[in-house]
Amino acid sequence: MLMLLMGVLAVLIGGAGALERHEVKDRPQGQFEMPQNLLGGGSYNQAVTMEPFSELKYRHIVRQAYDYSCGSAALVTILRFHLGLQVTEQQAMEGMLDKGEKDKIIERRGFSLLDMKRYAASLKVQGAGFRAEVKDLLTLTEPAIVPIDYAGAKHFVVLRGIRDGVVFIADPSAGNLAFSVEEFARLWDKNTLFILSAAPGSKVPAQLALNDQELGVVDMDRITNRGQMGQINNAAHLLERAVNSGAAGTWTRRQ
């Protein structure tokens, strides 16, 4: 009986392959041809570029080099990808140690918003801290550094913006994340935010701005948190579980 079933399966597979063949063509690395008739969209072909989720996850984010360097990485994420300043995390850490309160930085093993402001000023970049409500964040036109309290751990992340009840975050330790507004409000520490602004009239790359193409791949079933998350001891693992703004591990971009 088993051999009979295997024979039938082989015939079905072979028959399906005989219905239509698609010749393999050479393509530039990372590009694929996706015949739309296979996807229920007629005979139109659309050239796409496939981008691994591992690259999308940390796009336009400076990954923190150390457990304690989320502040410097968040700062450099904005300096580089929003303002266009070619600064490394190492340079930012050394600058904040030089311009900030070195003894206190060493004692707490981390940087404060005041340390960031002093270093930014040395680069001729204006930085300002604010207290705000979630409704105020809806009017932001620039990314902001915000402190969050995640599973008992203090952490700096970059708030990129809010769209349709979803808060988009650039996290130096976990990549691009998305939270519901309700969950973010619970995590946001003391309703504090820090904004770095370019000089009036200057042109900036603004690569942290949300775009419609990116928003089109958000998996709403994975937005944290539509239900209450259980407690997990490892804060890093909690952040890794937080949803990212990609879908199914890949992303397609039109040519």
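1. R186 and E183 both sit in helix α8, three residues apart, which is about one turn of the helix; helices (H or I, at least four residues) and strands (E, at least two) are DSSP runs, numbered from the N terminus. Their side chains meet in a salt bridge with an N to O distance of 2.5 Å, the term standing for a side-chain nitrogen of Lys or Arg within 4 Å of a carboxyl oxygen of Asp or Glu. E183 counts as buried at 4% relative accessibility, where buried means under 20% relative accessible area, exposed over 50% and partly exposed in between (1.4 Å probe, protein chains only).

2. On the basis of the reading: this is a predicted model, in which local features need pLDDT of at least 70 and side-chain atom pairs count only at pLDDT 80 or more, while totals for chains, interfaces and linings use all residues. Residues are numbered from 1 along each chain as its sequence is written, and side-chain values use heavy atoms, with hydrogens and water left out.

3. The count of salt bridges comes to six. The side chains of D189 and K154 form one at 3.4 Å, N to O; D189 lies in the loop between α8 (181-187) and β8 and K154 in strand β5, so the pair ties together parts that are 35 residues apart in sequence. D189 is buried, at 16% relative accessible area, whereas K154 is exposed, at 55%. D149, K154 and D189 are linked in a network of salt bridges.

4. R108 forms a salt bridge with D115, their closest N and O atoms being 2.5 Å apart. D115 is buried, with a relative accessible area of 0%, while R108 is partly exposed at 39%.

5. Leaving aside neighbours within four places in sequence, I145 is in contact (heavy atoms within 4.5 Å) with residues including L75, M116, F156 and L193.

6. On confidence, the chain averages a pLDDT (the predictor's confidence in each residue, from 0 to 100) of 78, and 64% of the residues score at least 70. Over residues 226-255 pLDDT stays under 50. Where pLDDT is low, the predicted coordinates should not be read in detail.
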